[in-house]
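Here are a few friendly notes to read alongside the structure. Keep the 3D view open as you go through the points.

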Amino acid sequence: MSTQDSTHGSTEAHPRFAAALFELGLDVPVRRFPEATRTAAEAAAAIGCDVSEIVKSLIFTADGEPVVVLVDGASRVDVERVRKELGAAAVKRADADLVRATTGYAIGGVPPFGHLTRTRVLADRALLSHDVVWAAAGTPHTVFPLPPKDLIAHANATLVDARQR
């Protein structure tokens, strides 16, 4: 799968996410793919990186409140660990309508920050094992690279152990 030329200034990103990048002063290359890269495996194949270098931005509800969990593309979220971390009675995967209402983006294109609502964000520590990670830029066709420490900081995320062992 080939990519179009990378562009700076996030002209390829979703407009809301492009605005978030601008507000944060981030000038990152955004890559657009001719086909959607809705899964971590599709994104990794398109970029030419390991699936663990992809950041999945997943939305859950903890006692009915949305929470974003950032985890590498090779891992699954351990819902019980997230529940304990949040001190919640119940944690469940959010449905597509809640994902869009919370973030402003559709599943498969949710970036780690630049959401419609301010939501608690948890980031799995394993993301820090890479020099650079890739995340969705607001659409299933776009991604951007960032050092994981920077991505976690811009997402205002709390570092936790969130993935299944």
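1. Let's start with a charged pair: R125 and D161 form a salt bridge, with their closest N and O atoms 3.4 Å apart. The two partners come from distant parts of the chain, since R125 sits in the loop between β5 and β6 while D161 belongs to the segment after β8 (158-160), 36 residues apart. Please bear in mind that this is a predicted model.

2. How exposed are the two partners? R125 has a relative accessibility of 41% and counts as partly exposed. D161 is partly exposed as well, with a relative accessible area of 33%.

3. In total, the count comes to 5 salt bridges. As background, side chains of opposite charge can pair when their charged atoms come close. Another of these bridges joins E12 to R32, where the closest N and O atoms are 3.9 Å apart. E12 lies in the segment before α1 and R32 in strand β1 (residues 31-32), so this bridge ties together parts that are 20 residues apart in sequence. R32 is partly exposed, at 28% relative accessibility.

4. For a local pairing, have a look at helix α3 (residues 79-86), which holds both R83 and E80, 3 residues apart, or about one turn of the helix. Their side chains meet in a salt bridge with an N to O distance of 2.7 Å. Both residues are partly exposed: R83 has a relative accessible area of 24%, and E80 has one of 37%.

5. Now to the nonpolar side of things. In soluble globular proteins, nonpolar side chains tend to be buried together. The largest nonpolar core here has 29 residues, and F17, L70, F113, F144 and L151 are those with the most contacts inside it. Several elements supply at least two residues each, including α1 (15-23), β2 (54-62), β3 (65-72) and α5 (148-154). Of the contributors, α1 gives the most, with 4 residues.

6. Which residues does F17 touch, leaving aside those up to four places away in sequence? The list is Y105, P111, F113, A137 and F144.

Methods
Residues are numbered from 1 along each chain as its sequence is written. This is a predicted model: local features need pLDDT of at least 70, side-chain atom pairs count only at pLDDT 80 or more; totals for chains, interfaces and linings use all residues. Side-chain values use heavy atoms; hydrogens and water are left out. A nonpolar core is a set of buried Ala, Val, Leu, Ile, Met, Phe, Trp, Tyr and Cys residues joined through side-chain atoms within 4.5 Å. Buried means under 20% relative accessible area, exposed over 50%, partly exposed in between (1.4 Å probe, protein chains only). Contact means heavy atoms within 4.5 Å. A salt bridge is a side-chain nitrogen of Lys or Arg within 4 Å of a carboxyl oxygen of Asp or Glu.
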